[in-house]
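Please keep the sequence and the 3D view at hand while reading.

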Amino acid sequence: NRRFLHDYLKNKIDWESLETHPVSLLMIDIDYLKRINDQYGHAVGDQALSHVTEILKKISKEKGIPTLYAGDEFIILLPDQNKQNALELGAKLIRQINGNKFFSAEAGTEIPLTLSVGIATAPDDTNFGNGLINQAKNALFHAKQAGRNRYVDAGEVSRRVVQDIDSAGIVGRKSQF
């Protein structure tokens with residue numbers, strides 16, 4: 001859960017050795033879970049959560065630590081995994097969710113599930129635990145804004161924001177930015 005995650009980030013990660021031991025984090029949200037709860041009931045929503053949880057556990061195996069972060073948000077913490085490994089895991093996760101259809105016997109139908117994923121890595125995107133969570137959360141927000149059912153790299157989001165500021169053409173304020 002969230003408490004375990006924060007404790008792990010605080011006490012188990014050597015933030016001084018990120019260059020040789022990077023840490024990646026995937027923040028994952030089940031797209032439109034509220035709609036499933038509203039349409040089929042909370043019991044079916046709970047089944048959808050369980051379905052996603054099983055896939056997260058299978059995907060993360062020895063590389064990652066899956067945790068429930070809040071509601072329908074999960075985190076996979078990847079100690080000693082660089083950005084490329086995290087991006088590959090994000091792509092694999094999206095493929096697995098899309099390929100493993102969720103069938104609810106209670107609802108009597110197959111219910112499509114998709115995920116939005118934000119990915120951040122230390123030291124690439126930040127150098128501390130809360131920064132890692134915040135960068136992944138920002139990338140998750142961008143994944144949702146871009147249409148959901150995708151993963152977004154926090155580094156790409158940051159670079160786009162800087163490019164947008166550089167190209168904004170703000171008269172008389174560019175030096176302040």
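## Overall layout

From the N terminus on, the secondary structure elements follow the order α-β-α-α-β-β-α-β-β-β-α-β-α, which amounts to 6 helices and 7 strands in the protein. The model is a predicted one, and of its 177 residues 45% count as buried.

## Strand β3 and its partners

Strand β3 (residues 73-79) pairs with strand β2 (residues 65-70) in the antiparallel sense, and 5 bridges are found between the two. Within this pairing, Pro66 stands opposite Ile76 of β3, while Ala70 stands opposite Glu73 of β3. The two strands form a hairpin with 2 residues between them, and Gly71, which sits in the turn, has a positive phi of about 55°.

Strand β3 is also joined to strand β1 (residues 23-30), again in an antiparallel arrangement, by 7 bridges, and here Val23 stands opposite Pro79 of β3. How many of the residues of β3 are buried? The strand is mostly covered, with 7 of its 7 residues buried.

## Backbone exceptions in the loops

Most residues other than glycine have a negative phi, and most peptide bonds are trans. Against that background, Tyr32 has a positive phi of about 60° although it is not a glycine; Tyr32 is placed in the loop between β1 and α2 (33-40), and with a relative accessible area of 40% it counts as partly exposed. Asp80 likewise has a positive phi of about 60° without being a glycine. This residue, Asp80, is found in the loop between β3 and α4 (83-99), where a relative accessible area of 45% makes it partly exposed.

A cis peptide bond, with omega of about 20°, joins Ala122 and Pro123, and Pro123 belongs to the loop between β6 and α5. Phe128 also lies in the loop between β6 (115-122) and α5 (129-145), and because its relative accessibility is 49%, between the 20% and 50% cut-offs, it counts as partly exposed. Although Phe128 and Asp14 are 114 residues apart along the chain, their C-alpha atoms are separated by 9.8 Å.

## Salt bridges across the sequence

A search of the whole structure finds 7 salt bridges. One of them brings together the side chains of Asp31 and Arg148, at an N to O distance of 3.9 Å. Asp31 lies in the loop between β1 and α2 and Arg148 in the loop between α5 and β7 (150-153), so this pair ties together parts that are 117 residues apart in sequence. Are the two partners buried or partly exposed? Asp31 is buried, at 3% relative accessibility, whereas Arg148, with a relative accessible area of 22%, is partly exposed.

Lys83 takes part in a salt bridge with Asp125, the closest N and O atoms being 2.5 Å apart. As Asp125 lies in the loop between β6 and α5 and Lys83 in helix α4, the pair ties together parts that are 42 residues apart in sequence; both Asp125 and Lys83 are buried. The side chain of Lys83 also meets that of Asp153 in a salt bridge, with an N to O distance of 2.4 Å. This pair links distant parts of the chain, with Asp153 in strand β7 and Lys83 in helix α4, 70 residues apart, and both Asp153 and Lys83 are buried. Elsewhere, salt bridges that share partners join Asp29, Asp31, Lys144 and Arg148 into one network.

## A positive surface patch

Which residues form the positive surface patch? The patch is formed by Lys58, Lys61, Lys63, Lys92 and Arg95. Among them, Lys58 has its place in helix α3 (residues 42-60), and at 44% relative accessibility Lys58 counts as partly exposed.

Methods:
Residues numbered from 1 in each chain as written. Predicted model: local features only at pLDDT ≥ 70, side-chain atom pairs only at ≥ 80, totals over all residues. Heavy atoms only, no water. Patch = residues over 30% accessible without salt bridge, like charges linked within 9 Å, V, L, I, M, F, W, Y side chains within 5 Å. Areas by Shrake-Rupley, 256 points an atom, 1.4 Å probe, with all protein chains shown as cover. Salt bridge = Lys/Arg side-chain N within 4 Å of Asp/Glu carboxyl O. Lys, Arg positive; Asp, Glu negative; His and termini not counted. Charge placed at Lys NZ, Arg CZ, Asp CG, Glu CD. Helix = DSSP H or I, 4+ residues; strand = E, 2+ residues; numbered from the N terminus. Buried < 20%, exposed > 50% of the residue type's maximum accessible area, 1.4 Å probe, protein only. Pairing = 2+ DSSP bridges.
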